[in-house]
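Welcome! Please take a look at the sequence and the structure below, and then let us walk through them together.

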Amino acid sequence: MRLVTMAISGDLVPTRSNADFFASGDIGRALDDRLLSALMEADIRLINLEAPLADSASPIPKAGPAMRAPAACVRGLKALEPVLSLANNHILDQGAAGLQSTLRAIGGAGIPFLGAGECLEEAKKPYILEKNGLKIGLLAVCEWEFSVAGEASPGANPFDPLETPDQVARLKEECDFVVALYHGGIECYRYPTPGLRKAMRKLADKGADLVVCQHTHCAGCQEEYRGSILVYGQGNLLFDRKNDEYWRTALVVRATFSDRVTVQYVPVVHEGGRALMAEGAEAQAILDGFERRSREILAPGFVESAFSLRAKEALDNALLALSGKDRLLVKLDRRLGGRLTRRAFTARRLLDSLNLIECESLREQLISSLKSRLNI
């Protein structure tokens, strides 16, 4: 019987608390024995490397933090014998030099990868696995932040609603199964947005048998759609940056490919810079929450109503970001319950902003003009 198992893990970043473990190659100090066994028992390990491996800092101008891990951390990665996905919003944090350092490190270690390259054509290349008589095609894409590749510039493979579905369809013609990794969604939000769900269903329509969305730093939910499995958020494999419940708990997706694809979930918790397999009540709580949310999104209108509430909560922070995030302004505005930003952003100004963002041509023009002004 033809059968292949794959362990798909979320974001992995060697940080100050565990970089020495990775640099020494002693991966057992970063992952406990039970979790390590669960990963190594699979035929294939697919892991998202969320930071460039570079010894020198050369951060790009961007919103959010610029990540970096020592190049020597590749030793710990090699011990996991993975296929690495580099399609994420941090892989270009240290510019072309940081990406090139990463590619040299993982290339020198003989680690296969996908999702990034010296130009868009390289970044778009899928990775095809052949094992036990099955061909499994892997495709990795990310949302458009500051890491995406250009026609002649390095970076990650961007999700394109016009082109990515066709990439999936072409890959399906070559392979028995297609797995798509999508790096995007709203951080610390456990459900898909309506747009994300529509886009992932389109990938399934075009031939993706399993779609796994990462980046949200929390375990989300899943749905079965026309014979495909769509996972909306699995949390971090190991990313020791915050200690809240979103970042502390996660799932490893264990997929089995035979006549069809089936999945199981391995619950994970983080403690002291290490990733552990969750046990007992904590493990059950992680799985129960995932199953509950998976039932919730099946109710008509739930995804839309949940997202509407989330968007309302996020509006004031978004307006503060548009106003420049002046610290004194932010502090005063919070004391006044958001009245300053509401006064500054009149209905007319909000309508103008909405039109610039929502209209395709105006948005394209705005993006180009902003990049030109910023020289990026």
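A residue is called buried under 20% relative accessible area, exposed over 50%, and partly exposed in between, using a 1.4 Å probe and protein chains only. Leu370 has a relative accessible area of 46%, so Leu370 is partly exposed. This is a predicted model, where local features need pLDDT of at least 70, side-chain atom pairs count only at pLDDT 80 or more, and totals for chains, interfaces and linings use all residues. Residues are numbered from 1 along each chain as its sequence is written, and side-chain values use heavy atoms, leaving out hydrogens and water.

Here are two residues to look for:

| Residue | Relative accessible area | State |
|---|---|---|
| Leu370 | 46% | partly exposed |
| Thr15 | 14% | buried |

Leu370 sits in helix H14, residues 360–374. Thr15 lies in the loop between strand E1 (4–13) and helix H1 (19–24). Helices (H or I, at least four residues) and strands (E, at least two) are DSSP runs, numbered from the N terminus. In total, the chain has 14 helices and 16 strands.

What does Thr15 touch, not counting residues up to four places away in sequence? The partners are Phe239 and Asp240, where a contact means heavy atoms within 4.5 Å. Across the chain, 70% of the contacts with a separation of 6 or more are between residues 24 or more positions apart.

Now for the whole chain. Buried residues make up 51% of its 376 residues. Along its principal axes, the C-alpha trace spans about 65 × 50 × 45 Å.
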